[in-house]
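This briefing goes through one protein model, topic by topic. Please keep the sequence and the 3D view open while reading.

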Amino acid sequence: MGARPMDGIRVLDAASFVAGPHAATILGEFGAEVIKVEQPGGDPWRRYGTPSARADSSLAWLSEARNKRSVTLNLSMVEGAALFRRLAADADVVCENFRPGTMERWGLGYDELAAANPGLVMLRVTGYGQTGPYRRRPGFARIAHAFGGLTHLAGFPGGPPVTPGSTSLGDYMTGMYGALGVLMALREREKSGHGQVIDLALFEPVFRVLDELAPAYNAAGTVRGREGANTLNACPHGHFECGDGRWIAIACTSDKMFERMTSAMMRPDLQERYGAAPARLAAREEVDSAVAEWLGSMDRDAAMKRCLAAEVPVGPVNAVDEIFADPHFAAREAILRISDEDVGEVAVPGVVPKLSRTPGRVERLGPALGEANKAIYGALGVSLEEIAALARKGVV
């Protein structure tokens, strides 16, 4: 199967739902041993979305908890906290997303865990971070989109703000930044021998990716609003309906790209009048209307062919059924089909990014609840009788 970059790294994923666990999932795809530490009732993500043939696992769980092993543990109980400390003493990374102060209240704060394991790296994901006046507020991706400034930009002028794509985008972005933080902390540990805390708020990655929003407001007081399918900074730059009712995306972000667009349209008059960006932006409605009329005169396949021949940046607005049929997704292994003895074949997103020598992989889908209790706790010296007794008390 080949070596992977994170081989030999042990991660305790004590976080729930999406953001913190996604960071652990990324590390697991590239070789880390990830132990999912769940409350005895299971992570709420197990019940989120479409059910699968396995009673305790939604399709979302099977996809996002892949490569992990599951143990159950009630961290709020004295015996549970004691077991977690034993697990953390031999771990490289702990991921958690309880509200600030919760882990400390259980005797599982970073100082307590690092006393026995100075090299421990702890990723702490919360709605608003470990500091600041809002630190105790609960947070989810939808709240992070709103608080971080993204929701205000999503939608059409004069209309209500919308959630971009109706997905947990902020959670996944935070997971990616969390994995990046873990990697940097582990790299620094190689020099110092010491671990550290990564403090990450859900809204921060959302705010970080909003282009020139911050500097433009600071410099000129610009409060950017909803721009619909277009953008005020480029033209034509948006979504256009073709004659068969399907849509494509066009991105003419420079004068050169617009020259290619007018060449595809065979409209030298547009190039003569609007070849410079200031002229295009001032006549946005006229330019967009001309492009829309041209694209509406043919079906999407024909429009794609004409634009690609002229090297215009263009792409289909794909629904998921079109994604599954697209040969490029297949060639890039962007969709993996993983077999599981309980649920059969499940299609999941592929591993990102692609490494040439030591690529990541998906070895198994999200685990059944507590499937590794005997193996993981047994390795700590906990007997089967003791595990059974802890289960009766609700500790595991």
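**Asn67 and the overall picture**

Asn67 is buried, at a relative accessible area of 5%. Its phi is near 70°, a positive value in a residue other than glycine. Asn67 sits in the loop that links helix H2 (59-64) to strand S3. The model is a predicted one, and the points below are grouped by topic.

**Overall make-up**

- The protein contains 19 helices and eleven strands.
- Its C-alpha trace spans about 85 × 50 × 40 Å along the principal axes.
- Of the 396 residues in the protein, 47% are buried.
- Among contacts with a separation of 6 or more, 67% are between residues 24 or more positions apart.
- The accessible surface is about 19700 Å², and carbon and sulfur atoms account for 56% of that surface.
- There are 43 positive and 48 negative side chains, and the centres of the two sets are 4 Å apart.

- Six strands make an open sheet with parallel pairing, in the order S3-S2-S1-S4-S5-S6.
- Strand S3 (68-72) and strand S6 (197-201) are at the edges with a single partner strand each, so one side of each has no neighbour in the sheet.
- From one strand to the next, the twist averages 20°.
- Strand S1 (residues 10-13) and strand S2 (residues 33-38) run parallel and are joined by four bridges.
- Within this pair, Asp13 is opposite Lys36 in S2.
- Helix H1 (residues 19-29) packs on the sheet and touches S1, S2, S3, strand S4 (93-96) and strand S5 (121-126). The direction of H1 makes about 160° with that of S1.
- Helix H8 (residues 169-192) also packs on the sheet, where it touches S4, S5 and S6. The direction of H8 makes about 165° with that of S6.

- Strand S7 (residues 237-241) is joined to S8 by five bridges, and the two run antiparallel.
- His237 is opposite Ala251 in S8.
- S7 and S8 form a hairpin with five residues between them. In the turn, Gly245 has a positive phi of about 85°.
- S8 also runs antiparallel to strand S9 (residues 314-316), with three bridges joining them.
- In that pairing, Ile248 is opposite Pro316 in S9.
- Strand S8 (residues 247-251) has a covered face formed by Ile248 and Ile250, while Trp247, Ala249 and Ala251 are on the uncovered face.

**Cis peptide bonds**

- Cys235 and Pro236 are joined by a cis peptide bond with omega of about -10°.
- Pro236 is in the loop between helix H10 (213-220) and S7.
- The peptide bond from Val352 to Pro353 is cis as well, and its omega is near 0°.
- Pro353 is in the loop between strand S11 (344-349) and helix H18 (373-379).

- Glu311 has a phi near 60°, a positive value in a residue other than glycine.
- The loop between helix H15 (300-309) and S9 holds Glu311.
- Is Glu311 buried or exposed? Glu311 has a relative accessibility of 52%, and the cut-off for exposed is over 50%, so Glu311 counts as exposed.
- Asn67, by contrast, is buried at 5%.

Methods: Residues numbered from 1 in each chain as written. Predicted model: local features only at pLDDT ≥ 70, side-chain atom pairs only at ≥ 80, totals over all residues. Heavy atoms only, no water. Pairing = 2+ DSSP bridges. Axes fitted to C-alpha atoms, helices over the stretch in contact; angles between N-to-C directions. Contact = heavy atoms within 4.5 Å. Buried < 20%, exposed > 50% of the residue type's maximum accessible area, 1.4 Å probe, protein only. Areas by Shrake-Rupley, 256 points an atom, 1.4 Å probe, with all protein chains shown as cover. Lys, Arg positive; Asp, Glu negative; His and termini not counted. Charge placed at Lys NZ, Arg CZ, Asp CG, Glu CD.
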